[in-house]
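Subject: Handing over a structure, with notes on what was found

Dear colleague,

I am passing on a structure that you have not worked with before, and below it you will find my notes. Please read them with the sequence and the coordinates open beside you.

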Amino acid sequence: MKAGKQGCIHIYCGNGKGKTTAGMGLCLRAAGHGKRVLIYQFLKGNTTGEAKSLALLPTVKRLSGKEDAKFSFQMTEAEKQAFQTDAHTFLEGLLQTVQSYDLLFLDEAIYAVDAGLLDEEKLLAFLEKRPPQLEVILTGQNPSKRLLDAADYVSEIRKIKHPFDKGQPSRQGVEW
């Protein structure tokens, strides 16, 4: 973004497939215009197809997530506590890291807040203190009113039909 321009906050939420895909698409668009992009995926490992593809672009940096990433309902209480500690440490250091970026994608940050794994107050404080030009993307289900109010764009992706409902597992190159 040009100096003096205000970055916006984007939320992609809902129960449908495509929240991460939409966020990655915006990252790809920004990179195509030479923007510096930083991506972090809460609750996702390092093997997604989009992460591999975007890693090939010189202006995109993806911070590694956990290799053994799990959904919150699969975590033990000790794992949840460790995740909270790691997430808050990450968020505290992020303000310095993002100074040289134009776009930040925090994939599944809303899910992490909703699951009690990421403190909403700390996320909102980060959004408030971020560099003014920084564009931020947040994804996940069930954003709070406070997160919705903080956003400039909110897009809801609603599931009408999905193969998972018929028992089909997620597929490499389609869901991940």
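How many bridges join strand 4 to strand 5, and in which sense do the two strands run? Strand 4 and strand 5 run parallel, and 4 bridges join them. Please keep in mind throughout that this is a predicted model.

**The strands**

Strand 5, for its part, pairs with strand 1 in the parallel sense over 5 bridges, with Ile-137 of strand 5 as the bridge partner of His-10.

Strand 4 is largely enclosed by the rest of the structure, because 5 of its 5 residues are buried.

Strand 2 contains Leu-38, which is buried with a relative accessible area of 0%. Leaving aside neighbours within four places in sequence, Leu-38 is in contact with a list of residues that includes Lys-61, Leu-63, Leu-94, Tyr-101 and Phe-105. Leu-38 and Lys-61 are 23 residues apart along the chain, yet their C-alpha atoms are separated by 5.0 Å.

**The nonpolar cores**

The largest nonpolar core has 34 residues, and those that touch the most other members are Phe-42, Leu-106, Leu-123 and Leu-138. Two or more residues of this core come from each of strand 1 (9-13), strand 2 (37-41), helix 3 (77-97), strand 4 (103-107), helix 4 (109-114), helix 5 (120-129) and strand 5 (135-140). There is also a second, separate core of 13 residues, among them Leu-26, Ala-31, Ile-39 and Leu-54.

If residues up to four places away in sequence are not counted, Leu-106 touches Tyr-40, Phe-42, Phe-90, Leu-94, Leu-123, Phe-126, Ile-137, Leu-138 and Thr-139.

**Helix 5**

The buried residues of helix 5 are Glu-120, Leu-123, Leu-124, Phe-126 and Leu-127. Seen down the helix axis, these residues fall within an arc of 155 degrees, and they therefore line one face of the helix. They pack against strand 1, helix 3, strand 4, helix 4, strand 5 and helix 6 (145-150), whereas the face turned away from the buried side carries the exposed residues Glu-128 and Lys-129. At the start of helix 5, a side-chain oxygen of Asp-119 comes to within 2.9 Å of the backbone nitrogen of Glu-121.

**Two loop residues with positive phi**

Glu-108 sits in the loop between strand 4 and helix 4 and has a positive phi of about 65 degrees, although it is not a glycine. Glu-108 counts as buried because its relative accessibility is 16%, and buried means under 20%. Not counting residues up to four places away in sequence, Glu-108 touches Thr-20, Phe-42, Lys-44, Thr-139 and Gly-140. Asn-142, which is placed in the loop between strand 5 and helix 6, is not a glycine either and has a positive phi of about 60 degrees.

**The cysteines**

How many disulfides does the structure hold? The structure holds 0 disulfides. Cys-8 is in no disulfide, and the nearest cysteine sulfur to its own, that of Cys-27, is 15 Å away. Cys-27 is in no disulfide either, and this residue counts as buried, with a relative accessibility of 0%.

With best regards

Technical notes:
Residues numbered from 1 in each chain as written. Predicted model: local features only at pLDDT ≥ 70, side-chain atom pairs only at ≥ 80, totals over all residues. Heavy atoms only, no water. Core = buried A, V, L, I, M, F, W, Y, C linked by side-chain atoms within 4.5 Å. Buried < 20%, exposed > 50% of the residue type's maximum accessible area, 1.4 Å probe, protein only. Contact = heavy atoms within 4.5 Å. Disulfide = S-S within 2.5 Å. Arc of directions from axis to C-beta. Polar contact = N/O pair within 3.5 Å; in protein donor to acceptor, adjacent residues only side chain to side chain. Pairing = 2+ DSSP bridges.
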